Amino acid sequence: MVHAIRIHEYGGPEALRWDEIEVGEPGPGHVRLRQTAVGLNYIDTYHRSGAYKLPQLPAIIGTEGAGVVEAVGPDVTTLKPGDRVGYAPLIGAYAESRLAPADRLIPLPSWIEDRQAAAMLLQGMTAQFLLRSTYAVQPGDTILVQAAAGGVGQILCQWAKHLGATVIGTVSSDEKAELARAAGCDHPIVYTRENFVNRVKDLTDGQGVPVVYDGVGKTTFMDSLDCLRPRGFMVLFGAASGPVPPLDLQVLAAKGSLYVTRPTLFSYVAKRDDLMASAADLFEVVHSGGVTINVGQTFALRDAAEAHRALESRATTGSTVLLP
């Protein structure tokens, strides 16, 4: 028997329970994984609250982790006991041990520590598809990153800078402005005292930016549209402040024939070849020093409720890791 954080009903952080569970032996195509680190991500709060419904309750939430293979199913030939692996996105991460499909696990290079892996895979591969596929950032582009001091935000800033872009980012405080600047953000905007739309227009000579990466959602969406140049891309990849209300598509025409997309990592790494290619691109940019993964804080896994409260109150910076 091991322990896991489960929800028995949707709700606030208090819905997270530290339960004893039985993991069992892996079946065909699966392995049993002893987890050493678990990543905390905003999608976890959506699963907990019911904003994103789960197939059934009770359920173990969490979509990212790292650990060591303990046992393999009868037909698994690509992994063996003792192998270090990570994964994202794969629901069921908030556990000391778990079963997982072998074809969704990513072997970890020796230079990546477990905590670093758990902090980088979901957020890093999210940044990878946003910057390389959803809108392919080019040298000389000027882009806007909302919540630039957050986990994904810091990776976006660093990677975009590595690609030759000029990065504008919004933050809530001077402290977070310094974190964003250290991550490669050329122009941090403290939105609590400055209108970021006006500042973006000033920084771009009134033209606007070709792309906005917005993981905040409800409170920033319409203003983000006003930061775009004609035919610009509005990339909404999260909803930290709540879901965006229904949009009259005529607004996009009036603001300059804009594009809007709501991508998810699940869609971009559904095939194993795409998953491995995304991970390889991430590993390469981290190994080269183009991106540094900042583990801003850690919590014990059993204290996941405390970690959720910190995340939702915007008290965290960089990535957060839960330790089984």
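Is R231 buried or exposed? In this predicted model, R231 is exposed, with a relative accessible area of 62%. The residue belongs to strand β13, which spans residues 228-236, and its phi lies near 65°, a positive value in a residue other than glycine. A second residue with such a backbone angle is R314, which has a positive phi of about 60° although it is not a glycine. R314 is found in the loop between α10 and β16 and, at 33% relative accessibility, counts as partly exposed.

Strand β13 is also part of an open sheet of six strands, in which the order is β11-β10-β9-β12-β13-β14 and the pairing is parallel. The edges of this sheet are formed by β11 (187-190) and β14 (259-261), each of which has a single partner strand, so that one side of each is left without a neighbour in the sheet. From one strand to the next, the twist averages 15°. Within the sheet, strand β9 (residues 142-145) pairs with strand β10 (residues 166-171) in the parallel sense over four bridges, and L144 stands opposite I168 in β10. Helix α4, made up of residues 174-182, packs on the sheet and touches β10 and β11, its direction making about 160° with that of β11. Helix α5 (residues 196-203) likewise packs on the sheet, where it touches β9, β10, β11 and β12 (209-214), and its direction makes about 155° with that of β11.

Helix α10, which covers residues 304-312, has as its buried residues A304, A305, A307, H308, A310 and L311. The elements that cover these buried residues include the strands β1 (2-7), β2 (16-21), β3 (30-40), β15 (295-300) and β16 (319-323), together with helix α1 (42-49). The helix is followed by R314, the residue with a positive phi near 60°.

R98 is buried yet has no salt bridge, and the nearest side chain of opposite charge, that of D44, is 10 Å away.

The bond from L57 to P58 is cis, with omega near 0°, and P58 lies in the loop between α1 and β4 (59-60). A cis peptide bond likewise joins A88 and P89, where omega is about -10°; P89 lies in the loop between β6 (84-87) and β7.

Side chains of opposite charge can pair when their charged atoms come close. The structure holds 13 salt bridges, among them one in which the side chains of R17 and E9 meet at 3.4 Å, N to O. R17 counts as partly exposed at 36% relative accessibility, and E9 is partly exposed with a relative accessible area of 36%. Another salt bridge is formed by E70 and R32, whose closest N and O atoms are 3.0 Å apart. This pair links distant parts of the chain, with E70 in strand β5 (residues 65-72) and R32 in strand β3, 38 residues apart. At 33% relative accessibility, E70 counts as partly exposed, whereas R32, at 16%, counts as buried.

A further salt bridge joins K255 and D226, the closest N and O atoms being 2.5 Å apart. Because K255 lies in the loop between α7 (250-254) and β14, and D226 in the loop between α6 (221-225) and β13, the pair ties together parts that are 29 residues apart in sequence. K255 is partly exposed, with a relative accessible area of 28%, and D226 also counts as partly exposed, at 27% relative accessibility. Finally, salt bridges that share partners join E25, R32 and E70 into one network.

Definitions and conventions. Residues are numbered from 1 along each chain as its sequence is written. This is a predicted model: local features need pLDDT of at least 70, side-chain atom pairs count only at pLDDT 80 or more; totals for chains, interfaces and linings use all residues. Side-chain values use heavy atoms; hydrogens and water are left out. Two strands pair if DSSP finds at least two bridges between them. Helices (H or I, at least four residues) and strands (E, at least two) are DSSP runs, numbered from the N terminus. Axes are lines fitted to C-alpha atoms, for helices over the stretch in contact, and angles run from 0 to 180 degrees between N-to-C directions. Contact means heavy atoms within 4.5 Å. Buried means under 20% relative accessible area, exposed over 50%, partly exposed in between (1.4 Å probe, protein chains only). Lys and Arg count as positive and Asp and Glu as negative; His and the chain ends are not counted. A salt bridge is a side-chain nitrogen of Lys or Arg within 4 Å of a carboxyl oxygen of Asp or Glu.
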